[in-house]
Structure formats: structure tokens, C-alpha cells
Amino acid sequence: MKLKVLIPNKVFLVEEVEQVNAEAKNGAFGLLSNHIDFVTALTASILSYRSVEGEEVFMAIDEGILVKCGQTVMVSTGRAVKDANLDRLHQTVAEEFRQLNEQQKMTRTAIARLESGLARGIVEIGREGGEGL
């Protein structure tokens, strides 16, 4: 089978594989080349696959969609991180989430400042408009 993993800005992975294991909202499942075609929503989890060389590879994915059609399995997800070593993958994901949380905090702070400035501006306009009455 051919596994294709797509993230918003690029094709993350295209590889020939023997098996794909993933997790949907109703549980984990495995796919072999003779599996029936289907579509499912994936949860944020670890997707794994066995390469044609027999190597097991792990990939942390965000929520997404998996489509199996013929001999192609396509996964579309917001983010993906790949590693053959599960412990190293865990560390990478933890670091990425830490960085993402810091960016989100900075964004929330900037938005709060903008909202505060807007509110002050509206109050000032209200005061100026009320003085002439």
C-alpha cells in the first residue's frame, strides 16, 4: 500500500507500507492492503505503520481524516511528527506542545491588550460625545 500523510502546508510523507495502525473515535484499527475501502475521522493519537522493509515507524498526529481507497491510504491532519523511536517521539511532541502553549499565551495576551485598548477608545468616544449635550 502507499501511505500519504498530508498536513496543511505540504505533503508530509509518501511511503510504501505493509500495514497501517490508527485510532478513530470508536477505537483503534489496523489496515492491510486487502482491507475494504473506507473513510474515518481520526483522533489525536499515535499512528504507526510497518514499512516494506519491516521497520515499525510511529507518527504523532493531530485530529484528521483517513481515507483508504484501493492500495492508497491518505491521512489529512493538522500536524504530524514522525520517529521510529517511540520515546524520542514522545519527547518531541511534548516539546512542540510546550512551544505551542507559549505561543498561544503570547497571542492571548496580545488579543487582551487589543480588546482593552478598544474598550478604552470606545469609552473616550462616549465621553467626548456626551460633553456637547
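Me: What does pLDDT tell me, and what does the protein average?
Reply: pLDDT is the predictor's confidence in each residue, on a scale from 0 to 100. In this predicted model the protein averages a pLDDT of 87, and 91% of the residues score at least 70. Because the model is predicted, local features need pLDDT of at least 70 and side-chain atom pairs count only at pLDDT 80 or more, whereas totals for chains, interfaces and linings use all residues. Residues are numbered from 1 along each chain as its sequence is written, and side-chain values use heavy atoms, with hydrogens and water left out.

Me: Where is confidence lowest, and where is it highest?
Reply: Helices (H or I, at least four residues) and strands (E, at least two) are DSSP runs, numbered from the N terminus. In the protein, the lowest confidence is in H1, with a mean of 76, and the highest is in strand S1 (residues 2-7), at 97.

Me: How should I read a salt bridge, and how many are there?
Reply: A salt bridge is a side-chain nitrogen of Lys or Arg within 4 Å of a carboxyl oxygen of Asp or Glu. By this rule the count comes to 3. One of them joins the side chains of Arg50 and Glu18, with N to O at 3.1 Å. This pair links distant parts of the chain, since Arg50 is in strand S5 (residues 45-51) and Glu18 in strand S2 (residues 10-24), 32 residues apart.

Me: Are Arg50 and Glu18 buried, exposed or partly exposed?
Reply: Relative accessible area sorts residues into buried (under 20%), exposed (over 50%) and partly exposed (in between), using a 1.4 Å probe and protein chains only. Arg50 counts as partly exposed because its relative accessibility is 31%, and Glu18 counts as partly exposed at 35%.

Me: Which residue meets Lys68 in a salt bridge?
Reply: The side chain of Lys68 meets that of Asp37, with 3.8 Å from N to O. Here too the pair links distant parts of the chain, with Lys68 in strand S7 (residues 64-69) and Asp37 in the loop between strand S3 (27-31) and strand S4 (38-42), 31 residues apart. Lys68 counts as buried because its relative accessibility is 2%, whereas Asp37, at 41%, counts as partly exposed.

Me: What else lies around the side chain of Lys68?
Reply: A polar contact is a pair of N or O atoms within 3.5 Å; within protein, one must be able to donate a hydrogen and the other to accept it, and residues adjacent in sequence count only if both atoms are side-chain atoms. A polar atom of the Lys68 side chain lies 3.0 Å from the backbone oxygen of His35, and one lies 2.5 Å from the backbone oxygen of Gly70. Contact in general means heavy atoms within 4.5 Å. Not counting residues up to four places away in sequence, Lys68 touches several residues, among them Met1, Leu31, Ile36 and Val73.

Me: How many residues apart are Arg127 and Glu124 in helix H1?
Reply: Arg127 and Glu124 are 3 residues apart in helix H1 (residues 86-131), so about one helical turn separates them. They form a salt bridge, the closest N and O atoms being 3.0 Å apart.

Me: How do I read an aromatic pair?
Reply: Rings of Phe, Tyr and Trp (its six-membered ring) pair if their centres lie within 6.5 Å; planes under 30 degrees apart count as stacked, over 60 as edge-to-face and the rest as tilted. The structure holds 1 aromatic pair. Phe29 and Phe38 form it in an edge-to-face arrangement, 5.6 Å centre to centre with 75 degrees between the planes. Phe29 is buried, with a relative accessible area of 19%, and Phe38 is partly exposed, at 22%.

Me: What is a nonpolar core, and which residues in the largest one touch the most other members?
Reply: A nonpolar core is a set of buried Ala, Val, Leu, Ile, Met, Phe, Trp, Tyr and Cys residues joined through side-chain atoms within 4.5 Å. The largest has 21 residues, of which Leu3, Val20, Leu47, Tyr49, Leu66 and Val75 touch the most other members. S1, S2, S3, S5, S6 and strand S8 (72-77) each supply at least two residues of this core, and S2 gives the most, with 5 residues. Leaving aside neighbours within four places in sequence, Leu66 is in contact with residues including Phe29, Phe38 and Val75. A second, separate core of 5 residues includes Phe58, Ala60, Val81 and Val93.
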